[in-house]
Amino acid sequence: MENAIKVTGLSKHYSGFELSDVSFSLPRGTVMGFIGRNGAGKTTTIKLIMGLIHKNVGSIEVLGKEMGPDSADIREKIGFVYDEQAFYGGIMTVRDVGKMTGRFYKEWNNNEFSRLLKEFNLDPEHKTEALSHGQRTKLSIALALSHNAELLIMDEPSSGLDPVFRIEFIDILYRIIQDEHRSILFSTHITTDLEKIADYITLIDNGRIVFSEAKDDILDRYKIVKGPLNRLDQKGREMCIGVREMRTGFEALSASADKLAALIGADAITQRATIEDIMVFTVKGETNGW
Amino acid sequence: MAGNIINLIRKDFYTLWSEPGIGVSVFLPVIVLSSVAPAWKSLSLIFLPIFTLSYGLNTFMLEEKYRTERFFSSLAVRRSEIVLSRYFGIAVIMAVHLILAYSANFGFYFAGKLKFQLPPGYFSLVLMVVSLLISISFPVYFKYGVTKAMNVISFGIMAAFYALFFAVFKIPGLFEKVRNFSLEDAYIKVFALTGIAILLFAVSISISTKIYSKRDL
């Protein structure tokens with residue numbers, strides 16, 4: 001399958017942080033959830049993919065071409081939404097921002113921009129400096145969706161959005177990927193959004209990729225096992241990716257849930273893990289409650 | 001490429017004009033002073049570089065204030081286009097100034113209100129002074145940003161002014177020489193100075209492009 005993004009052996013060194021040997025691929029026409037805790041390296045990876053910062057080692061292919069700071073032709077086909085939406089203040093209105101941004105894209109569709117503003121309940125005459133964080137995110141999304149982008153890269157787009165619009169937003173993304181040529185890389189803390197829409201999940205922690213796989217495979221493989229703490233011996237612990245110990249018992253994430261449950265015995269309860277469970281247990285490992 | 005550069009210049013002009021206080025303080029004095037420049041003779045040589053520098057400084061400053069650098073760099077724009085738009089923006093400001101200055105001079109002269117015509121030397125001196133200042137300050141802005149570079153640049157400008165005042169008082173007839181040169185119709189000197197100014201500008205563009213292309217945003 002052709003890839004929208006292919007990152008291979010990517011590294012970036014900062015004093016105090018290192019993104020190391022990051023590799024993953026986003027097949028065309030699919031949605032990838034990019035998850036990890038704050039400071040794990042999500043934004044750094046996205047900035048590298050967008051060519052905003054320079055890699056030390058590795059390669060980044062976007063839509064079949066090597067991406068760099070001067071790859072304007074590739075960015076023409078990318079809609080980018082990031083956490084820190086910045087628009088000029090002063091007298092610039094929502095409409096002005098659209099007009100100004102549209103000039104940089106050959107395939108800018110002003111009717112689509114106006115339609116999205118209406119759908120998102122944004123007044124075109126509203127000054128950008130008076131917009132709330134959620135409204136700025138909506139404007140950013142409208143800008144990203146108005147130039148027929150083949151790839152949407154979104155860094156925490158749903159943070160700051162109210163729950164009602166977040167659901168609408170997921171529906172919009174769902175509509176977008178009905179076109180099989182469009183792909184989405186979506187970094188978020190709100191993992192419930194990904195349960196609905198993602199085809200692939202990539203987890204990053206401490207600047208390293210923990211896994212990057214199809215969501216269904218991950219959800220099939222990992223299970224939550226609960227049971228009494230005194231039944232969890234060393235052999236059982238070795239089957240766990242992360243364990244949460246409580247006075248009443250333990251809760252663990254395991255890729256060998258059936259074997260672990262058999263070891264615990266009749267008191268074991270096995271249940272489906274959510275993406276959040278997988279992220280939290282994988283990142284935290286073994287702890288006494290959290 | 002040209003389309004993006006024009007759009008970036010338009011964006012800089014628009015945001016500068018729409019920013020309360022800056023639009024009036026940058027554009028208006030340039031236009032007004034340009035119109036009366038012929039009457040003030042070489043005094044305008046001091047004002048234009050100050051206003052041109054102010055334009056350059058403010059475009060960088062607004063970018064930092066609203067943190068829009070990353071926004072524009074994430075659009076379908078090359079880093080080199082962003083650099084070129086800043087230099088060409090300065091060139092537009094200079095061109096507006098010179099056109100207005102020469103037109104006003106021409107008008108006043110034929111109306112009998114002025115007794116001299118603005119010589120080509122004036123054009124080359126303006127170009128030279130502005131090019132020198134921009135060629136030094138822009139690569140520093142692109143490398144460190146205005147906030148970090150401000151102290152160095154302020155110190156440089158202050159030092160230049162002190163040096164100028166010192167030279168004017170210590171070297172007899174220097175001011176007269178500069179002023180007379182600006183009003184002198186010496187074509188060889190004009191071409192030489194214009195050539196040096198353009199060369200400085202070109203070298204500075206090349207340095208800034210290299211610096212900005214390597215910068216992490």
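This is a predicted model: local features need pLDDT of at least 70, side-chain atom pairs count only at pLDDT 80 or more; totals for chains, interfaces and linings use all residues.
What is the volume of the second largest cavity? About 70 Å³. In total, the structure holds 3 cavities of 30 Å³ or more.

**The largest cavity**
- Sorted by class, the lining of the largest cavity has 8 nonpolar and 5 polar residues, with no charged ones.

**The second largest cavity**
- Among the residues lining the second largest cavity are B:Phe60, B:Glu63, B:Glu64, B:Arg86 and B:Arg215.
- Helix 3 (44–65) and helix 6 (120–144) of chain B each supply at least two lining residues, and helix 3 of chain B gives the most, with 3 residues.
- By class, the lining of the second largest cavity divides into 5 charged, 4 nonpolar and 1 polar.

**Two positive phi angles**
- Most residues other than glycine have a negative phi.
- A:Asn148 has a positive phi, near 55°, and lies in the loop between helix 5 (133–144) and strand 7 (151–155) of chain A.
- A:Asn148 counts as partly exposed because its relative accessibility is 42%.
- A:Glu156 also has a positive phi, of about 55°, and its place is in the loop between strand 7 and helix 6 (163–176) of chain A.
- With a relative accessibility of 7%, A:Glu156 counts as buried, since the cut-off for buried is under 20%.

Note on methods:
Residues are numbered from 1 along each chain as its sequence is written. Chains are lettered from A and ligands numbered from 1 in the order in which they are written. Side-chain values use heavy atoms; hydrogens and water are left out. Helices (H or I, at least four residues) and strands (E, at least two) are DSSP runs, numbered from the N terminus. Buried means under 20% relative accessible area, exposed over 50%, partly exposed in between (1.4 Å probe, protein chains only). On a 1 Å grid over the protein atoms alone, a cavity is a set of points where a 1.4 Å probe fits but cannot get out, and a pocket is an open set with protein on both sides within 12 Å along at least five of seven lines; lining residues have an atom within 4 Å of a point. Grid points are joined across faces, edges and corners, and a volume is the space filled by probe spheres set on the points. Ala, Val, Leu, Ile, Met, Phe, Trp, Tyr, Cys and Pro count as nonpolar, Asp, Glu, Lys and Arg as charged, and the others, Gly among them, as polar.
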